[in-house]
Amino acid sequence: MKYVFGPVPSRRLGQSLGIDTIPLKTCNWNCVYCQLGRTVPLTNERREYAPAEDILLEVERALRSHKSGEIDWVTFVGSGEPTLHTHMGELIRRVKDLTPLPVAVITNGALLYLPEVREELSVADAILPTLDAGNARLYRKINRPHPDITFERLVNGLITFREEYRVKLWVEVMLVRGLNDTEDALREIADVLRRIQPDEVHVNLPARPPVETWVQPPDEEGVMRALAILGRVAKVVHPAEGSFDLSGSENVVDAIVGIITRHPMREDELQRTLEKWEPGKANSVLEQLAASGRAQVVERYGYRFWSASPAHYPEKSSAKSKTPQNGESR
Ligand code: SF4
């Protein structure tokens with residue numbers, strides 16, 4: 001399948017069937033911790049990146065091929081920022097016509113300052129936007145946004161969405177050591193969160209390969225500080241338990257590429273998934289994957305991660321520290 005992947009285990013949404021409406025990597029941010037490589041070029045152009053009808057046909061097929069209980073959420077997420085697709089409202093509505101399952105949108109939230117984007121997302125069951133900074137300087141440093149999306153626009157968009165619609169709003173804060181895990185930075189984020197009034201705040205730590213090699217998760221103390229300062233509705237999101245579903249494609253290499261394009265996997269995690277899928281064949285499938293030219297290995301935190309080959313990592317190797325205990329980026 002081209003636009004639908006998984007279900008994959010999601011820390012926040014259980015077994016999540018992913019819908020990816022845009023090509024790798026189409027985004028209006030270029031976050032230092034992004035697991036999908038650098039955004040080249042940065043774009044803020046909204047258009048129909050993939051035909052809505054083709055996406056919906058695949059969603060219908062994927063929903064038909066899974067039994068009740070195998071999927072917890074249907075989630076718009078993927079190779080960049082989903083709200084850059086101009087048919088988001090129609091897509092969410094029509095997916096909801098196809099299934100009683102709840103529909104979520106994982107977004108950076110940067111376009112919520114536009115009334116039409118707020119209206120489009122208002123038909124989902126949950127919106128999961130990102131707020132990593134409480135001031136414009138840190139926002140530019142961590143998220144490296146397109147110049148059209150100022151910090152003020154981001155914050156006002158989130159506040160207005162909350163005021164206008166009762167969709168569940170779960171804000172993610174991705175903590176990066178030395179950037180937003182200090183007391184001052186966290187207090188500023190907490191001030192902004194008080195203005196937004198989200199239903200929940202999910203504290204996340206980078207674990208999948210961050211594009212910039214210097215990105216590190218906070219230490220235990222930094223995580224505790226974040227929980228103490230970000231308030232009552234904040235919780236740390238723990239690593240997801242569950243299995244990756246490789247059934248959605250004609251062959252296993254296609255299925256893996258479908259997942260790692262949106263969700264790079266640690267080599268041992270990939271081996272476990274393959275072992276479960278085709279016992280005894282994990283190594284030969286990995287060899288096929290390497291030979292296909294469609295995947296690359298990126299080293300971070302001393303581990304090998306498999307990612308799609310077009311993803312742009314400026315330095316593929318960094319083996320300085322250990323893998324953190326928690327976390328996945330969007
Ligand atoms: S983490 Fe999300 S918002 Fe940030 S650059 Fe990557 S795809 Fe874009």
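Q: Why is W29 called buried in this predicted model?
A: The relative accessible area of W29 is 2%. Buried means under 20%, so W29 qualifies.

Q: What makes Y139 buried or exposed?
A: Y139 has a relative accessible area of 2%. The cut-off for buried is under 20%, so Y139 is buried.

Q: How many aromatic pairs does a search of the whole structure find?
A: There are four.

Q: Why are W29 and Y139 called an aromatic pair, and what makes it edge-to-face?
A: The ring centres lie 5.6 Å apart. Pairing needs centres within 6.5 Å, so the two rings pair. Their planes are at 75°. Planes over 60 degrees apart count as edge-to-face, so this pair is edge-to-face.

Q: Why does this pair tie together parts that are apart in sequence?
A: W29 lies in the loop between β2 (14-19) and α1 (52-64). Y139 belongs to helix α4 (residues 136-143). The parts are 110 residues apart in sequence, so the pair ties them together.

Q: Why is the pair of W73 and W170 called edge-to-face?
A: Their ring centres are 5.9 Å apart, and the planes stand at 70°. The limits are within 6.5 Å for the centres and over 60 degrees for the planes, so the pair is edge-to-face.

Q: What makes this a link between distant parts of the chain?
A: W73 is in strand β3 (residues 73-76) and W170 is in strand β6 (residues 168-174). The two are 97 residues apart. Both W73 and W170 are buried.

Q: How do you know that the charged end of R266 is within reach of the ring of Y303?
A: The charged end of R266 sits over that ring, 4.1 Å from its centre. The distance limit is within 6 Å, so 4.1 Å meets it.

Q: Which residues have the most contacts inside the largest nonpolar core?
A: They are F76, L121, L131 and L230, in a core of 77 residues. Helix α6 (residues 183-196) gives the largest share, seven residues. Beyond its neighbours within four places in sequence, L131 is in contact with residues including L154, V171, I189 and I196. Another core, of 28 residues, lies apart from the largest one; V8, L128, A282 and V285 are among its residues.

Q: Where does pLDDT stay under 50?
A: This happens over residues 318-329. The protein chain averages 92, and 95% of the residues score at least 70.

How values were computed:
Residues are numbered from 1 along each chain as its sequence is written. This is a predicted model: local features need pLDDT of at least 70, side-chain atom pairs count only at pLDDT 80 or more; totals for chains, interfaces and linings use all residues. Side-chain values use heavy atoms; hydrogens and water are left out. pLDDT is the predictor's confidence in each residue, from 0 to 100. Contact means heavy atoms within 4.5 Å. Rings of Phe, Tyr and Trp (its six-membered ring) pair if their centres lie within 6.5 Å; planes under 30 degrees apart count as stacked, over 60 as edge-to-face and the rest as tilted. Helices (H or I, at least four residues) and strands (E, at least two) are DSSP runs, numbered from the N terminus. Buried means under 20% relative accessible area, exposed over 50%, partly exposed in between (1.4 Å probe, protein chains only). A charge sits over a ring if NZ of Lys or CZ of Arg is within 6 Å of the ring centre and within 35 degrees of the ring normal. A nonpolar core is a set of buried Ala, Val, Leu, Ile, Met, Phe, Trp, Tyr and Cys residues joined through side-chain atoms within 4.5 Å.
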